[in-house]
Amino acid sequence: MKKQLTNKTGFSTTAVHAGEIRYNEYGSITTPIVQTSTFIFKNTEEIKKLAQGAKDRFEYGRYGHPTQVAAERKLAALENAEDAVLFSTGMSAITTTLFALLKAGDHIIITDDAYKRTLDFSLRCLERFNIGCTVVKMGDYEAIKKAIKPNTKIFFSESPTNPYLNIMDLEKLMGIFKGKGILVISDSTFATPYNQKPLEYGVDLVIHSATKYLGGHNDLLSGVVLGRKDLTSSVRDYLKITGGCIDPHSSYFLIRGLKTFELRMQRHNENGQKVAEFLESHPQVKRTYYPGLKSHPHHDIATKQMNGFGGVVTFEVKDDIAFALDFLSKLKLICIGPSLGGVESLITHPATISYYAISREERLALGIKDGLIRLAVGIENSEDIIEDLSHALA
Ligand SMILES: *Cc1c(COP(=O)(O)O)cnc(C)c1O
């Protein structure tokens with residue numbers, strides 16, 4: 001017996017129940033981890049059922065499995081999307097989607113402060129397959145218009161971006177692309193479906209690194225693509241070839257993480273705002289970037305199109321690598337490390353952690369200054385996070 005939820009339930013009700021089959025075999029309330037690589041047939045009649053598209057039949061792990069389907073349905077319900085496709089990582093979601101939707105001779109436009117590996121893929125990999133790529137400055141809508149060519153197939157962007165938390169004005173953006181037949185794809189990892197829903201503005205596909213807020217516990221890697229079924233179907237078909245599929249255990253951890261998604265996001269938003277306000281008023285901090293601060297260049301757009309501003313706060317201390325590293329090493333609670341969106345607060349010094357492989361000049365051209373710090377605020381008590389920062393800055 002299956003009991004399906006309607007789309008009208010509240011966000012947390014959806015997060016807890018959507019996508020899961022009630023009642024499972026044995027009456028288990030949790031969705032089972034179906035740990036198998038292959039699915040056998042009782043008889044040859046069952047092979048026919050699969051060929052005819054039976055929804056309760058699976059064939060082989062790379063083509064999909066029950067734990068993955070439950071997680072995908074839950075994510076689709078939270079994003080209000082027709083369909084969701086899960087991947088082993090966020091990068092697998094991005095690269096498979098672009099490979100599935102582009103062909104030689106096409107052109108793609110991407111914003112300059114997109115995730116570094118997405119830029120690497122677009123510039124270094126796609127160009128080898130004769131797919132042109134134009135990088136435009138985030139926030140320069142005239143440059144986006146000018147970059148459009150007759151063979152432009154995709155516009156790819158993020159919002160908020162890393163590390164400056166720039167916000168794309170989705171209404172303005174969609175005004176540019178309306179009726180042009182160009183697919184607009186948004187990496188919405190920093191926003192999450194709790195804080196922003198780009199599909200409601202007409203964006204064609206939304207991508208998340210589910211490694212971050214969706215999983216939420218710094219214990220899994222995953223990515224997801226969401227949108228209309230005609231688009232996600234071709235991405236799913238391509239995934240069956242490229243093979244970046246999610247395994248049953250990660251699917252289960254993702255489902256588990258999503259149950260508390262709204263509670264965690266509320267705390268991330270609340271902590272992010274409090275910590276940003278503390279840093280902005282601290283004499284050792286030169287500048288704080290957080291969309292929830294009035295001083296942020298995109299505060300008005302963010303307030304208009306987002307429900308909250310998330311847990312990432314970027315700030316600048318003295319323009320001196322030694323000072324920045326000394327500050328990091330004095331922290332007791334906040335862990336030093338990349339990534340974001342988990343329950344534990346994490347801090348990175350981009351100049352020495354993510355951008356160490358390039359020259360100082362190249363790094364500065366990307367806006368990665370010596371004193372730049374990115375803090376991914378977790379769900380600990382804000383007083384403790386602030387106390388830790390205050391002590392290390394003193
Ligand atoms: C982390 C991240 C990715 C890549 O996701 P992985 O799960 O690490 O592969 C892509 N985009 C953004 C904005 C990210 O933060």
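Contact here means heavy atoms within 4.5 Å. The axes behind such angles are lines fitted to C-alpha atoms, for helices over the stretch in contact, and the angles run from 0 to 180 degrees between N-to-C directions. Helices (H or I, at least four residues) and strands (E, at least two) are DSSP runs, numbered from the N terminus.

Before going on, keep in mind that this is a predicted model, where local features need pLDDT of at least 70, side-chain atom pairs count only at pLDDT 80 or more, and totals for chains, interfaces and linings use all residues. Residues are numbered from 1 along each chain as its sequence is written, and side-chain values use heavy atoms, with hydrogens and water left out.

Two strands count as paired if DSSP finds at least two bridges between them. Look at β11 (residues 346–348) and β12 (residues 372–376): they run antiparallel and are joined by three bridges.

**The seven-stranded sheet**

There's a second open sheet to find, with seven strands in the order β1-β7-β6-β5-β4-β2-β3 and mixed pairing. Its edges are β1 (83–87) and β3 (132–136); each has a single partner strand, so one side of each is left without a neighbour in the sheet. From one strand to the next, the twist averages 20°. Helix α5 (residues 116–125) packs on this sheet, touching β2 (107–111), β3 and β4 (152–158), and its direction makes about 155° with that of β2. Further along the sheet, β5 (residues 183–187) and β6 (residues 205–209) run parallel, joined by three bridges. Ser186 stands opposite Val206 in β6.

**Around the ligand**

Now for the ligand. It's surrounded by 13 residues, and the closest are Gly90, Asp187, Ser209, Thr211 and Lys212. (A residue is near a molecule or strand if one of its heavy atoms lies within 4 Å of it.) The shell divides into four nonpolar, six polar and three charged residues. Helix α4 (residues 90–101) gives the most to the shell, with three residues.

Here are some polar contacts (pairs of N or O atoms within 3.5 Å; within protein, one must be able to donate a hydrogen and the other to accept it, and residues adjacent in sequence count only if both atoms are side-chain atoms).

| Residue | Polar atom in | Distance to a ligand oxygen atom |
|---|---|---|
| Met91 | backbone | 2.9 Å |
| Thr211 | side chain | 2.6 Å |
| Lys212 | side chain | 2.8 Å |

The protein covers 91% of the 380 Å² of accessible area that the ligand has on its own. Accessible areas come from the Shrake-Rupley method with a 1.4 Å probe; for residues, only the protein chains shown count as cover.

A cis peptide bond joins Arg22 and Tyr23, with omega about 10°, and Tyr23 sits in the loop between α1 (11–17) and α2 (44–51). Ser159 and Pro160 are also joined by a cis peptide bond, with omega about -10°; Pro160 is in the loop between β4 and α7 (170–177). Asn130 isn't a glycine, yet it has a positive phi of about 60°. You'll find Asn130 in the loop between α5 and β3.

Note on methods. Ala, Val, Leu, Ile, Met, Phe, Trp, Tyr, Cys and Pro count as nonpolar, Asp, Glu, Lys and Arg as charged, and the others, Gly among them, as polar.
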